[in-house]
Amino acid sequence: MSTTTVPRVTTSSAAHPDDGDGWPQLIEAVRESGLYPTRSKAEQVTRTVLAALGTHVTGDERVDLARALPGEAARLIASQVPATHRLTAAEFVDSVAARTPAATPATARWDVSSVLGVLPSLIGDGLVTRILTQLPPGYALLFGRADLTPAP
């Protein structure tokens with residue numbers, strides 16, 4: 001059984017001069033997690049995935065998520081209009097693919113998992129659990145967790 005190490009995101013290390021609140025560390029963690037060749041690619045992926053997530057997390061969880069994230073990430077979450085229809089995990093990945101030039105379902109799943117997989121170390125497992133309870137089944141895997149919800 002192989003394991004994947006997800007870089008731990010911290011906001012206490014030296015920040016990039018243009019953002020002292022952890023955005024550069026988040027981007028670097030996503031770059032490492034997704035094995036992206038450049039910071040620019042990791043930032044584009046992070047922006048796309050967080051904007052998509054921002055449409056599906058609502059209520060107190062949305063507020064707490066925005067509070068737990070670096071400022072730029074919080075703005076991406078908070079600036080989205082909440083969706084009226086919850087997407088399944090597969091539909092969510094497809095929506096990210098539609099927002100990403102030249103993406104395939106496989107590359108979009110990689111992108112989503114690369115971003116969402118680093119969030120638990122930044123926002124905490126408790127908040128991730130709360131977010132997952134408001135999303136349809138299947139999202140746990142995207143956050144790097146086993147999806148132990150029984151099938152209907």
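1. Where pLDDT is low, the predicted coordinates should not be read in detail. Across the chain the average pLDDT is 87, and 84% of the residues score at least 70.

2. Some housekeeping before the details. Residues are numbered from 1 along each chain as its sequence is written, and side-chain values use heavy atoms, with hydrogens and water left out. As the model is a predicted one, local features need pLDDT of at least 70 and side-chain atom pairs count only at pLDDT 80 or more, while totals for chains, interfaces and linings use all residues.

3. The chain has nine helices and zero strands, in the pattern α-α-α-α-α-α-α-α-α along the sequence. Helices (H or I, at least four residues) and strands (E, at least two) are DSSP runs, numbered from the N terminus. Of the 152 residues, 49% are buried; buried means under 20% relative accessible area, exposed over 50%, and partly exposed in between, with a 1.4 Å probe and protein chains only. Among contacts with a separation of 6 or more, 64% join residues 24 or more positions apart.

4. The largest nonpolar core has 41 residues, and Leu-50, Leu-53 and Phe-92 have the most contacts inside it. Such a core is a set of buried Ala, Val, Leu, Ile, Met, Phe, Trp, Tyr and Cys residues joined through side-chain atoms within 4.5 Å. Two or more residues come from each of α1, α2, α4, α5 (89-99), α6 (105-116), α7 (119-123), α8 (125-134) and α9 (139-142). Helix α2 gives the most, with six residues. Beyond its neighbours within four places in sequence, Leu-53 touches Leu-65, Ile-77, Phe-92, Leu-116, Leu-119 and Phe-143.

5. Helix α4 deserves a look. Six of the eight residues of α4 (residues 71-78) are buried, so this helix is largely enclosed by the rest of the structure. The buried ones are Gly-71, Glu-72, Ala-73, Ala-74, Leu-76 and Ile-77, and they pack against α1 (23-34), α2 (39-54) and α3 (59-68).

6. How do α5 and α6 meet? Their axes come within 8 Å and cross at roughly 105 degrees, which makes α5 roughly perpendicular to α6. Axes here are lines fitted to C-alpha atoms, for helices over the stretch in contact, with angles from 0 to 180 degrees between N-to-C directions; 65 to 115 degrees counts as roughly perpendicular. In α5, Phe-92, Val-93, Asp-94, Val-96 and Ala-97 meet Pro-105, Ala-108, Arg-109, Val-112 and Leu-116 in α6. The residues of this contact divide into eight nonpolar, no polar and two charged. Ala, Val, Leu, Ile, Met, Phe, Trp, Tyr, Cys and Pro count as nonpolar, Asp, Glu, Lys and Arg as charged, and the others, Gly among them, as polar.

7. Glu-61 lies in helix α3 and, at 16% relative accessibility, counts as buried. Leaving aside neighbours within four places in sequence, Glu-61 contacts Leu-127, Arg-130, Ile-131 and Gln-134. Trp-110, in helix α6, is partly exposed at 43% relative accessibility. With neighbours within four places again set aside, Trp-110 contacts Ser-33, Gly-34, Leu-35 and Tyr-36.

Note on methods: Contact means heavy atoms within 4.5 Å. pLDDT is the predictor's confidence in each residue, from 0 to 100. Angles under 35 degrees count as roughly parallel, over 145 as roughly antiparallel, 65 to 115 as roughly perpendicular and the rest as oblique.
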